[in-house]
Amino acid sequence: MDANIPAEADIQRGMMRAEGQSFAQWMETRVARKSTRSYDWDALKFQADFDPKYRRAQMRYVGTGGTGVNKDTNTVPSAHFTFSTMVIPAGNIGPSHIHYDVEEIFFVMRGAMKVVCEKDGERWETVVGERDLISVPPGVYREEHNIGDEDALMCVMLGSPKPITPTYPPDSPLAKIKR
């Protein structure tokens with residue numbers, strides 16, 4: 001990255017057609033096929049190692065998401081968001097965490113998820129099922145519980161191409177774990 005070019009400009013440049021690249025070659029870099037990716041059960045393994053109820057997997061399509069994985073080159077570049085799918089086994093939980101820099105969208109494709117949100121001592125929860133969506137604003141803690149009897153499948157989108165890694169509530173045991 002050129003030190004004189006802001007990071008956002010570098011991201012934008014990464015989306016542009018490279019010199020000498022055919023239109024077809026360029027457009028192929030904009031396609032993320034399911035057949036070329038696999039679920040990454042290690043992206044959040046540090047959480048599952050602490051407690052197996054946190055085991056879940058990410059399949060990245062656009063950018064690398066908010067899981068802290070930074071080296072996946074098999075994604076479509078983006079200047080404004082990330083997009084992945086997440087498998088959450090029956091009974092498992094995405095632990096309470098917060099993104100201060102981005103909103104996060106969960107779109108349930110299969111299953112039923114209880115989403116719990118907290119801010120400034122107030123707590124709210126809802127159940128989202130197939131084809132339901134929730135957009136959680138920045139600065140709001142969120143956790144997701146698979147309340148169904150089968151694996152849930154969600155699309156997850158974050159409003160930045162390189163979101164800051166989320167943090168956990170200060171009283172959470174995960175707040176003390178190093179990735």
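**Exercise 1. Counting cavities**

Determine how many cavities of 30 Å³ or more this predicted model contains, and state how much space lies in the largest cavity.

*Solution.* Step 1: apply the cut-off of 30 Å³; the count comes to one cavity. Step 2: consider its volume; the largest cavity holds about 250 Å³ of space.

**Exercise 2. The lining of the largest cavity**

Identify the residues that lie nearest the centre of the largest cavity, the strands that supply its lining, and the classes of the lining residues.

*Solution.* Step 1: the lining consists of 23 residues, and R56, T67, M86, H97 and E104 are those nearest the centre. Step 2: at least two lining residues come from each of β2 (82–88), β3 (93–97), β4 (104–110) and β9 (152–158). Step 3: β2 contributes the largest share, with four residues. Step 4: sorted by class, the lining comprises 10 nonpolar, nine polar and four charged residues.

**Exercise 3. The second largest pocket**

Describe the second largest pocket by its volume, its lining residues, the strands that contribute to it, and the classes of the residues.

*Solution.* Step 1: the volume of the second largest pocket is about 200 Å³. Step 2: its lining is formed by S96, I98, E118, K119, D120, G121, G139, Y141, E143, P169, D171 and S172. Step 3: two strands, β5 (113–119) and β8 (141–146), each provide at least two of the lining residues. Step 4: the classes are three nonpolar, four polar and five charged residues.

Notes: Residues are numbered from 1 along each chain as its sequence is written. This is a predicted model: local features need pLDDT of at least 70, side-chain atom pairs count only at pLDDT 80 or more; totals for chains, interfaces and linings use all residues. Side-chain values use heavy atoms; hydrogens and water are left out. On a 1 Å grid over the protein atoms alone, a cavity is a set of points where a 1.4 Å probe fits but cannot get out, and a pocket is an open set with protein on both sides within 12 Å along at least five of seven lines; lining residues have an atom within 4 Å of a point. Grid points are joined across faces, edges and corners, and a volume is the space filled by probe spheres set on the points. Ala, Val, Leu, Ile, Met, Phe, Trp, Tyr, Cys and Pro count as nonpolar, Asp, Glu, Lys and Arg as charged, and the others, Gly among them, as polar.
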